[in-house]
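Keep the structure open while reading.

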Amino acid sequence: MSTIEKGAMPDTESIGKIDGLHWFTTGLFIVADMAGGGVVAMPIAMLMSGGFAGSIIIGILCIAFAYTAHLLGENWVVMCRNWPEYRQHCRKPYPEMAFRGLGDKARTATSCTINIMLFGVSIVYLLLSSKIISDLISSTFNHNVGFCVTMVFVAAAMWPVTLLKSPQDFWWAIVLAMMTTGCAVFLILIGTISDYEYCAAGAQPKDFDFRNVILSLGTYMFSFGGHVVFPTIQHDMKQPKHFTRSVILAFCIVCAFYIPITALGYLTYGDSLHDSIINSLQVGWIQQFANLFIAVHCILTLTIIMNPLNQELEDLFGIPHHFGIKRVAVRTGLMIAVLFMAATVPSFGPILNLIGGSTVALTSAIMPCLFNLYLKALDTREKDIAGEAKVSTIPSVSEMIERTPKKRLAVNIFVIVIAIVCGLATTYSALLDMLSTSFAAPCYLSSLNTEAIAELRESPVHCCGHYMNISRHADLVCHPIEVN
């Protein structure tokens, strides 16, 4: 471990970038990172959990994940104060937190977890963007090609962009992603409010099922996750100590996005909701533009997410930084792998629940609390020792407990335990869901199953009501379902 130069501790004002981000701008970047898929999926999660349980879960997760985001901000300030090399540039700040707090093995495990998460999220966003674009084409041109075919074209269209070197200034894409999400939220709210008088009377909740409540946790956690990017954003701040202000702003905005859509969607459409709330919107032009904005968000997010994965693979295989055949081969291989997995499980809901219950629980709840306990204990030790340089060995468990205020220790352990229990239960339920009731035939086998083809080419507009037989348009053909 490196030594810490003792003496006067550096002022937290001096560890930021002179031309860095203001805390308000940082908050907007956090919003762009978190909001997106949750906008279309949260109402379905509310339907699965029920209104009462869902409201409690949203409140608890919002507070808990905002707290863990605050802890990540504390971690980075501690690292910059004690290790001056992090004040200039750090390519992978999140794994470095694991390294300084728990050692090299923790850094490796954290990097692997983040890469698995990014790969899973890439699959989710490829599926989601492909479905939305397919629905957009169907509603605009009255021709449904199916989102399996659309998915191949989306991956092919994005492939040249993934070959580009990591862009140094890609914040414009994040800002654009946030703006498109805001526009989509506004349109979805307008569409849902206008449908309320037609659909709300026939809307019914699903029968309570505890397994569905557990499954919904994955979607909720996915919607409030995104913590792996937070240290990278904080690293570029003018005053990193103000990161908590950014977190509070971001979570307030995200709640303002999620809560109205989730509550109104649940009350208006009830158990007619499937996959995405956008499909339930009855006004054609609102649905089309909402799909367009969310599709742009998903494509931008997918481009950003795949870039660190590409760089990890290039580092692993020793690929040169300049453009060449090796880079093309590695990045093409990753795109094919994402496309193959998306085609194998052509429904983003089960994968979203799996990612939310496993890697998001780890990176957004468990790891921030665990790293914070050890980094703060180490920081306290270094403050107590003055005058000489000291090797910063990792605190033992007993030292960590001794140096941590009992209230902080209790809160962090509580969050860790709850995240472990909920994460394991959600992951197990999501795996069962993928292999049983929610299993859809892979795209490359759907030609053998006419029912699968019909499902993958369903109408982009869902009728509402308990029996899915209500529409505000006379020319919309509904296909009522029978309920036992």
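Helices here are DSSP runs of H or I with at least four residues, numbered from the N terminus. On that basis, Asn 372 sits in helix H13, which covers residues 348-384. The model is a predicted one.

## Around Asn 372

Is Asn 372 buried or exposed? Its relative accessibility is 0%, so Asn 372 counts as buried. Leaving aside residues up to four places away in sequence, Asn 372 touches Leu 71, Glu 74, Asn 75, Arg 408 and Asn 412. Trp 76 lies 296 residues from Asn 372 in sequence, yet the two C-alpha atoms are 9.5 Å apart in space.

One of the residues touched by Asn 372 is Arg 408. The side chains of Asn 372 and Arg 408 are joined by a polar contact of 2.7 Å. Arg 408 also forms a salt bridge with Glu 74, with 2.9 Å between the closest N and O atoms. This pair links distant parts of the chain: Arg 408 belongs to helix H15 (residues 406-435), Glu 74 to helix H3 (residues 51-82), and 334 residues separate them. Glu 74 is itself among the residues that Asn 372 touches.

Arg 408 has a relative accessible area of 21% and is partly exposed. Glu 74, with 18%, is buried.

## Salt bridges

Side chains of opposite charge can pair when their charged atoms come close. How many salt bridges does the structure hold? There are seven. Three of them are tabulated here.

| Glu 74 | Arg 408 | 2.9 Å |

Glu 85 lies in the loop between H3 and helix H4 (93-102), and Arg 100 lies in helix H4, so the pair ties together parts 15 residues apart in sequence. Glu 85 is partly exposed at 39% relative accessibility. Arg 100 is buried, with a relative accessible area of 6%.

The pair of Asp 104 and Arg 107 sits within one helix, H5 (residues 104-141). Why are these residues separated by about one helical turn? Because Asp 104 and Arg 107 are three residues apart in helix H5. Asp 104 is partly exposed at 43%, and Arg 107 is partly exposed at 24%. Through salt bridges that share partners, Glu 96, Asp 104 and Arg 107 join into one network.

## Cysteines

A disulfide is a covalent bond between the sulfur atoms of two cysteines. The count here comes to one disulfide. Which cysteines does the disulfide join? Cys 199 is linked to Cys 464, S to S 2.1 Å. Cys 199 lies in helix H7 (residues 171-199) and Cys 464 in the segment after helix H16 (450-456), so the link ties together parts 265 residues apart in sequence. The link is left-handed, with -70° about the S-S bond. Both Cys 199 and Cys 464 are buried.

Cys 252 has Cys 255 as the cysteine with the closest sulfur. The sulfur atoms are 6.8 Å apart, too far for a bond. Cys 369 counts as buried, at 0% relative accessibility.

Methods: Residues numbered from 1 in each chain as written. Predicted model: local features only at pLDDT ≥ 70, side-chain atom pairs only at ≥ 80, totals over all residues. Heavy atoms only, no water. Salt bridge = Lys/Arg side-chain N within 4 Å of Asp/Glu carboxyl O. Helix = DSSP H or I, 4+ residues; strand = E, 2+ residues; numbered from the N terminus. Buried < 20%, exposed > 50% of the residue type's maximum accessible area, 1.4 Å probe, protein only. Contact = heavy atoms within 4.5 Å. Polar contact = N/O pair within 3.5 Å; in protein donor to acceptor, adjacent residues only side chain to side chain. Disulfide = S-S within 2.5 Å.
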